[in-house]
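Good morning, and thank you for coming.

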Amino acid sequence: MDARKRTMRLVAKHGCFVLALLLAYVLQTMPGFLSFFGVKPVFLVPLALCIAAYEGAFAGAIYGALAGLLWDIAAGRVTGFFAILLMICCFLVSVAVSMYLRNTVLNLSLLSAGALLLLCTIDFMFSYLLRGYAGLAHLYFFKLLPIVVFSAFLTFAPWLLARKISHAFAPPD
């Protein structure tokens with residue numbers, strides 16, 4: 001395959017990944033979409049982690065930073081808060097999948113749950129715990145943890161999407 005076809009294939013693949021992240025952002029910010037008992041899933045984190053698992057450490061970190069910036073915008077947090085944390089998480093997930101784990105939906109669901117628990121707990125600490133609000137245990141256990149579980153449960157869809165895009169634009173053997 002010549003260099004031009006390879007370049008076009010890479011541009012198309014990364015364009016599809018960016019469009020998938022934008023779609024996840026739109027679905028995540030859409031009012032009432034997949035909301036059960038006041039719990040809305042986070043779509044950006046599982047998608048970024050799945051892309052990182054398929055694309056490698058560098059590209060995974062870049063997509064993690066992009067997804068983190070989108071999540072910062074959606075959550076109304078300081079720009080870069082989730083971007084830095086998600087970039088590090090995507091890099092670590094990519095390295096873990098390439099060296100130690102198999103790229104299966106169960107592994108990515110568990111990694112997604114762990115990353116979401118870490119990110120949401122850090123956000124909870126800085127947004128609520130340090131400010132001394134009342135009733136924080138109820139908020140953490142009945143709002144934040146169901147979001148983590150629900151989002152991890154829905155990781156199969158981003159995993160299938162990332163797998164499909166990655167395999168569709170893989171160079172022919």
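The largest nonpolar core comprises 43 residues. Those with the most contacts inside this core are Leu 21, Val 45, Leu 49, Trp 71, Leu 86 and Leu 108. Two or more residues come from each of α1 (3-29), α2 (44-55), α3 (57-75), α4 (81-99), α5 (105-129), α6 (136-153) and α7 (156-168). The most is given by α2, with 10 residues. Please bear in mind that this is a predicted model.

Leaving aside residues up to four places away in sequence, Leu 49 touches Cys 89, Cys 90, Val 93, Leu 108, Leu 111, Ser 112 and Ala 115.

In soluble globular proteins, nonpolar side chains tend to be buried together. On the surface of this model, however, Ile 84, Met 87, Ile 88, Phe 91 and Leu 92 form a nonpolar patch, whose accessible area together is about 450 Å². Of these residues, Ile 84 is located in helix α4.

I turn now to the aromatic rings. The count comes to 10 aromatic pairs. One of them joins Phe 36 and Phe 150 edge-to-face, at 5.6 Å centre to centre and with 65° between the planes. This pair links distant parts of the chain, 114 residues apart: Phe 36 lies in the loop between α1 and α2, and Phe 150 in helix α6. Phe 150 is buried, because its relative accessible area is 15%.

Finally, ring pairs link Phe 124, Tyr 128, Tyr 133, Tyr 140 and Phe 141 into a cluster.

Terms used: Residues numbered from 1 in each chain as written. Predicted model: local features only at pLDDT ≥ 70, side-chain atom pairs only at ≥ 80, totals over all residues. Heavy atoms only, no water. Core = buried A, V, L, I, M, F, W, Y, C linked by side-chain atoms within 4.5 Å. Buried < 20%, exposed > 50% of the residue type's maximum accessible area, 1.4 Å probe, protein only. Helix = DSSP H or I, 4+ residues; strand = E, 2+ residues; numbered from the N terminus. Contact = heavy atoms within 4.5 Å. Patch = residues over 30% accessible without salt bridge, like charges linked within 9 Å, V, L, I, M, F, W, Y side chains within 5 Å. Areas by Shrake-Rupley, 256 points an atom, 1.4 Å probe, with all protein chains shown as cover. Salt bridge = Lys/Arg side-chain N within 4 Å of Asp/Glu carboxyl O. Phe/Tyr/Trp six-rings, centres within 6.5 Å; stacked < 30°, edge-to-face > 60°.
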